[in-house]
Amino acid sequence: MNPRNVHIPQDIQGHQNQVEDGPFDNFDFEKLRQVFVSVWPWVLGILITTMTLAFLYIRYTKPIYSAESILKLDIKNDANLLGLQNPLEQDIKGLASEIEILRSRLFFSKVVDAVGMDISYYHPGRSHLVDERYGNSPFEVKYELKNQTIKDKRFDIEIINDTDFYLSCTALGGQIGEIQKFGKEIITKDFSFLIEKSRFFEEQKDLVDFYFVINSKGSLVNYLVSHVTVEPINFNANTIKISLSDFNQTKARNLLEAIDTIYLEFTKDAKNRAVEQKIKFLETQMEKTSKELVEYEDYFEKFTIQNRTTDLSSDLTKTIVLLNELDSQRYNMREHLAEVDVVGENFRNDRPVSVFRMPARIAELINNYNDLVNERNLKLNAYNENTQVIKRIDQQIEIAKSSANDRLLAYKNNLAEDLKELNEKRSILESNFVELPSMGTSYNKNRRLYTLQEEFYFSLIQSKIELEIARAGTVTNFVILSPAAVSSIPIHPQKLLIYGLGFVVGIILSIFFVAIQFLLHDKITSQKELEKIMHAPILGLIPNYKQEKLANSKLIVTNNPKSSISESLRSIRTNMEFMATTGKNQLISVTSTVSGEGKTFIAVNLGAVFAYAGQKVVIVDLDMRKPKVHIAFESEKVQKGMSTILIGKEKVEDCIQESELENLHFISAGPMPPNPSELLLSPRFDEFLEKLKKTYDVIFLDSPPVGLVTDGILVMKKADLPIYVVRADYSKRSYLKSVHNLISNNKFEHLSVILNGVKSGKGSYGYGYGYGYYED
């Protein structure tokens with residue numbers, strides 16, 4: 001073994017070996033490998049678990065099949081051939097509007113009404129999977145419902161034999177009646193069922209359990225909404241793809257065929273729906289306008305009857321003429337009345353009376369009166385007033401006068417009545433004359449409104465005719481490029497995808513698991529890892545002892561001198577010779593951070609290797625709290641040793657014990673003292689070491705762990721070569737802080753490290769030792 005086997009950490013080598021680090025130079029691949037080796041059963045378990053879950057998912061997921069068809073849509077309107085503008089052009093919005101129609105609940109409700117899916121039949125099948133008996137149910141149900149709430153409720157049928165079955169419904173409280181018979185009507189307060197066997201009964205009767213559901217229209221529409229997919233293929237070519245997914249292949253294909261067929265009429269109705277609404281609106285307006293026109297016509301009729309005219313301008317002129325005539329007549333009538341009054345006054349005063357403008361009868365009576373007066377005057381010339389002749393004439397005059405007065409008074413009264421009638425007529429004409437302008441305005445206004453309503457009515461008729469022509473001219477050019485077809489391969493679950501996903505998820509989980517274990521792993525596993533974090537030289541590696549499980553430290557090199565452990569210890573012995581400053585290793589301390597890292601095992605067996613080389617060696621057990629050296633030599637515990645030597649009770653020579661190896665001796669710890677640290681600080685300890693140096697070539701001091709007590713540090717200060725033991729897969733990285741503190745605080749410049757318990761393959765830089773060559 002040459003000196004290059006002693007490894008000095010890079011941080012204390014100076015700049016002689018500085019190289020540029022790569023991106024992965026600081027990553028500990030060896031640690032990753034060790035972590036993976038330790039957890040690979042878990043990784044395998046994760047992969048098996050994810051693949052098993054994928055298998056179970058496929059096993060217990062019912063396959064879904066998809067029926068697909070491709071349609072080419074084109075809306076034509078032949079109304080343009082008639083020279084009319086197409087009212088539908090603004091309602092057609094391209095392929096997107098067609099897709100929305102196909103997705104609409106209104107369209108699906110039409111499909112539900114047409115296909116007659118009011119009853120669905122099922123067989124429970126294996127596990128939780130349910131098989132729908134679409135078109136091949138062993139029985140058929142005819143029903144009449146009295147309670148609509150039982151729709152969408154499950155009715156279970158258990159077939160007993162060819163004629164009998166049980167019927168039950170959880171929603172109705174369980175079993176319905178006793179044993180029921182096929183072909184016999186079942187009547188309850190909620191329903192009336194007639195269940196008859198179908199032609200598929202014989203081949204399925206052994207399945208026993210079935211159930212059926214009376215579907216509501218809403219549930220069927222929801223089914224189509226969730227299972228039908230419409231997507232465009234080519235907007236320029238107006239092609240779309242309709243797909244329907246279902247557990248039953250036949251059902252998927254039949255429903256899709258029905259959708260394709262129903263869409264032909266539905267799309268035409270959908271395109272004409274706007275026109276129908278417009279026509280309906282026009283009909284409503286026409287009815288309203290017609291009623292208004294009838295009201296105007298009734299007004300005109302009543303106006304004509306009441307006013308006996310329809311020409312109010314002419315009537316106004318005539319009324320003015322009549323008023324003038326009446327005024328003239330009134331004037332003449334008043335003058336005539338004045339004349340009559342004058343005549344009457346003269347008549348009463350016996351003055352001459354004029355008969356001008358008097359009626360003929362009155363004029364005759366007045367003239368008769370005048371003649372009698374003239375005759376009397378003539379007679380007075382011949383006769384005396386008292387004569388009989390004059391008296392008779394006077395009597396005749398009085399009679400004539402009375403008759404004329406009566407007739408004149410009657411005439412005057414008639415004239416007054418005529419004048420009153422003229423006044424009344426004038427008042428009536430005058431009031432009509434005042435009303436005629438407003439009546440004319442109202443009449444003309446109604447006439448104008450009537451004309452507008454009439455024109456509006458004719459325009460409504462024309463628009464309705466155009467819309468009806470457009471509706472009649474609408475043609476749907478609907479081409480099924482690919483009829484409904486169902487693939488034999490289900491669209492869900494996709495086995496390869498699920499298995500691939502399970503594998504990928506397993507790999508990802510495994511990576512996370514390994515990464516977490518890598519981050520949580522804080523134990524030293526290899527020499528490379530130790531060199532990266534250790535600030536002290538490494539003397540060598542001790543392979544893991546696999547021949548037997550050691551409960552305690554044990555001397556094994558005597559029984560296995562050619563084992564890999566023995567060769568490793570010999571290599572360490574050689575390296576220790578290069579580490580010695582005085583040319584001879586006389587005092588060597590062996591310690592560790594905690595108990596169990598193998599310091600006693602290394603001290604005992606390394607001492608044996610030195611003894612084999614012909615040197616006198618003594619192993620001193622200074623771990624007085626937990627001594628193990630005597631156990632390693634398979635010796636009984638004695639009541640004398642280091643504790644009794646340091647208190648002066650025993651001599652050194654009396655406490656030295658021999659081992660099976662000639663040059664190898666040991667001194668046990670003795671009884672456990674209450675003050676081990678104080679004993680090691682006493683001058684007797686220095687005297688003890690000096691005595692040993694005179695007798696032995698190499699002295700191994702098995703000191704207590706420095707991570708637990710300070711005794712080990714006291715011992716290391718006395719040693720020529722302090723050795724620190726680190727155990728692979730046992731010592732934590734944090735333990736190495738103790739080594740760093742020893743180097744920095746206590747100036748242990750010659751402290752060296754031994755990596756113990758290295759498993760096969762964990763060595764590096766040529767320190768695997770070729771275990772196949774040596775005895776294991």
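Trainee: Is Lys205 buried, exposed or partly exposed?

Mentor: Lys205 counts as partly exposed, because its relative accessibility is 23%. The cut-offs are under 20% relative accessible area for buried and over 50% for exposed, with partly exposed in between (1.4 Å probe, protein chains only). Keep in mind that this is a predicted model, where local features need pLDDT of at least 70 and side-chain atom pairs count only at pLDDT 80 or more, while totals for chains, interfaces and linings use all residues. Numbering starts from 1 along each chain as its sequence is written, and side-chain values use heavy atoms, leaving out hydrogens and water.

Trainee: Which side chain does Lys205 meet in a salt bridge?

Mentor: That's Asp162, at 3.0 Å from N to O. The two come from distant parts of the chain, 43 residues apart: Lys205 is in the loop between H4 and E11, and Asp162 is in the loop between E5 and strand E6 (164-169). Asp162 is partly exposed too, given its 32% relative accessibility. For the rule itself, a salt bridge needs a side-chain nitrogen of Lys or Arg within 4 Å of a carboxyl oxygen of Asp or Glu. The H and E labels are DSSP runs numbered from the N terminus: helices are H or I with at least four residues, strands are E with at least two.

Trainee: How many salt bridges does the count come to?

Mentor: The count is 23 by that rule. Glu68, Glu231 and Lys241, for instance, are linked in a network.

Trainee: What about Glu287, which residue is its salt bridge with?

Mentor: Lys291, and the closest N and O atoms are 4.0 Å apart. Both residues lie in helix H6, four residues apart, or about one turn of the helix. Glu287 is partly exposed at 48% relative accessibility, whereas Lys291 is exposed at 51%.

Trainee: And are Asp702 and Lys599 buried or exposed?

Mentor: Both are buried. Their side chains meet in a salt bridge with a 2.9 Å N to O distance, and the pair bridges 103 residues of chain, from Asp702 in strand E20 to Lys599 in helix H13.

Trainee: Changing topic: in what order do the eight strands of the open sheet come?

Mentor: E15-E22-E21-E16-E20-E17-E19-E18, with mixed pairing. At the edges, strand E15 (538-543) and strand E18 (657-658) each pair on one side only. Pairing here requires DSSP to find at least two bridges between two strands.

Trainee: How do E15 and strand E22 run?

Mentor: They run parallel, and four bridges join E15 to E22 (residues 752-758). Leu541 has Leu755 in E22 as its bridge partner. As for helices, H13 (residues 599-612) packs on the sheet and touches several strands, including E15, E20 and E22, and its direction makes about 170 degrees with that of E20. Touching means heavy atoms within 4.5 Å. The angle is between N-to-C directions on a scale from 0 to 180 degrees, with axes fitted to C-alpha atoms, for helices over the stretch in contact.

Trainee: Back to E11. Why call strand E11 largely enclosed?

Mentor: Because five of the six residues of E11 (residues 209-214) are buried. E11 pairs antiparallel with strand E2 (residues 119-123) over four bridges, where Ile119 partners Ile214. Strand E5 (residues 154-159) also pairs antiparallel with E11, over five bridges, and Asp156 stands opposite Tyr211 there.

Trainee: In the hairpin of E12 and E13, which residue takes a positive phi?

Mentor: Asn238, near 55 degrees, in a hairpin with four residues between the strands.

Trainee: Which residues is Tyr296 in contact with?

Mentor: Leaving aside neighbours within four places in sequence, Tyr296 contacts Asn446, Leu449, Tyr450 and Gln453. Tyr296 and Tyr450 are 154 residues apart along the chain, yet their C-alpha atoms are separated by 6.3 Å. Tyr296 sits in helix H6 (residues 249-307) and counts as buried, with a relative accessible area of 18%.
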